[in-house]
Amino acid sequence: MIRINKPGTPPKILLDKQKEWTNELLQAISEYGSYSDIPKSEKEKLLHHYRHDEIKILLFQCSYDKCAFCECIPGEGGNIEVEHFAPKSIYHKLAFEWDNFLPVCRKCNEAKSNFDTLKEPIVNPTKEDPEEFFDFNLINIVPSSNPPNLKIALTTIKVCNLNSTRLFKARADLLYHLSIYQEELSNWLQEIDSADTDLKRKNRITKLINSIDAIDMLGMEEEKYSAFCKNFLFKSEIYNRAKKIISDFRQEEAS
């Protein structure tokens with residue numbers, strides 16, 4: 001899970017139509033007696049507006065077309081959908097609220113379902129920084145050592161099923177590749193340490209830079225499961241030593 005920087009201004013279609021769409025939904029609830037009693041076909045006609053292309057395009061751009069909860073890309077957890085952070089089945093007035101929308105994959109959407117996030121809060125990545133709440137223990141996502149709220153962190157992991165078999169497999173695959181990259185870095189560090197001339201050292205550091213660039217890409221926000229990769233690299237002594245050597249080398253070259 002990564003922080004989602006959603007524009008404060010809703011798409012124009014919401015600015016123009018939100019009040020109208022909300023009033024139509026509330027009127028139907030009043031006529032039928034409850035949200036659940038609205039016929040399925042009529043409910044779909046009333047609700048489909050939140051899936052308008054203007055809304056989806058702007059919303060999905062905020063997460064680089066990744067799921068806001070698990071960070072999978074379309075196809076790995078089902079298509080990315082417009083999800084209501086506070087469930088629309090309970091909080092009808094929020095059905096067309098821009099602040100209540102999240103880009104979420106179908107798997108996470110189904111897992112969260114109608115969980116009442118206003119009664120029992122979970123991490124909202126548009127309001128809070130997930131890095132403050134979560135850590136990784138191998139391929140398990142766990143609460144950080146000192147989260148702002150331990151209960152919220154644990155509830156989020158459970159409700160969104162962030163330790164599912166699907167995500168274990170994805171993280172295990174990344175862990176394998178990250179470990180190979182790390183071993184490659186270790187080999188380059190040994191080569192640099194054994195360089196017996198400045199030219200050899202310079203050439204080997206240049207190759208180290210090319211190698212680490214490929215690893216850095218995995219932790220970029222637009223990459224899938226970037227939070228897991230970033231966490232791994234943050235804890236890697238080999239990676240951090242390589243970054244320090246590169247930083248020192250660039251300072252030497254600039255001076």
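**Reading strands, helix packing and phi in a predicted model**

Mentor: Let us begin with strand β1, which is mostly covered, since four of its five residues are buried. Buried here denotes a relative accessible area under 20%, exposed over 50%, and partly exposed lies in between, with a 1.4 Å probe and protein chains only. Strands (E, at least two residues) and helices (H or I, at least four residues) are DSSP runs, numbered from the N terminus.

Trainee: On what basis are the values computed, and how are residues numbered?

Mentor: The model is predicted: local features need pLDDT of at least 70 and side-chain atom pairs count only at pLDDT 80 or more, while totals for chains, interfaces and linings use all residues. Residues are numbered from 1 along each chain as its sequence is written, and side-chain values use heavy atoms, with hydrogens and water left out.

Trainee: Do β1 and β2 run parallel or antiparallel, and how many bridges join them?

Mentor: Two strands pair if DSSP finds at least two bridges between them. Five bridges join β1 (residues 80-84) to β2, and the two strands run antiparallel. Ile80 stands opposite Cys105 of β2, and Leu102 is the bridge partner of Glu83.

Trainee: How is the packing of two helices described, and at what angle do α1 and α2 pack?

Mentor: Two packed helices are described by the angle between their axes and by the distance between those axes. Axes are lines fitted to C-alpha atoms, for helices over the stretch in contact, and angles run from 0 to 180 degrees between N-to-C directions. Helix α1 (residues 12-32) and helix α2 (residues 40-47) pack at about 160°, with axes 9 Å apart. Angles under 35 degrees count as roughly parallel, over 145 as roughly antiparallel, 65 to 115 as roughly perpendicular, and the rest as oblique. Helices α1 and α2 are therefore roughly antiparallel to each other.

Trainee: Which residues of α1 and α2 meet?

Mentor: Contact requires heavy atoms within 4.5 Å. Glu24, Leu25, Ala28 and Tyr32 of α1 meet Glu42, Leu46 and Leu47 of α2. By class, this contact has five nonpolar, no polar and two charged residues. Ala, Val, Leu, Ile, Met, Phe, Trp, Tyr, Cys and Pro count as nonpolar, Asp, Glu, Lys and Arg as charged, and the others, Gly among them, as polar.

Trainee: At what angle do the axes of α7 and α9 cross, and how near do they come?

Mentor: The axes of α7 and helix α9 (residues 237-254) cross at roughly 125° and come within 10 Å. These two helices are therefore oblique to each other. The residues of their contact divide into 10 nonpolar, no polar and seven charged.

Trainee: Is Tyr225 buried or exposed?

Mentor: Tyr225 is buried, with a relative accessible area of 5%. Phi of Tyr225 is also positive, near 55°, and this residue is found in the loop between α7 (198-218) and α8 (226-235).

Trainee: Which residues does Ser226 touch?

Mentor: Not counting residues up to four places away in sequence, Ser226 touches Ile2, Lys66, Glu71, Leu218, Gly219, Met220 and Glu221. Ser226 is found in helix α8 and is buried at 2% relative accessibility. Ile2 is found in the segment before α1 and is buried at 11% relative accessibility. Ile2 and Glu221 are 219 residues apart in sequence and 7.6 Å apart in space, C-alpha to C-alpha.
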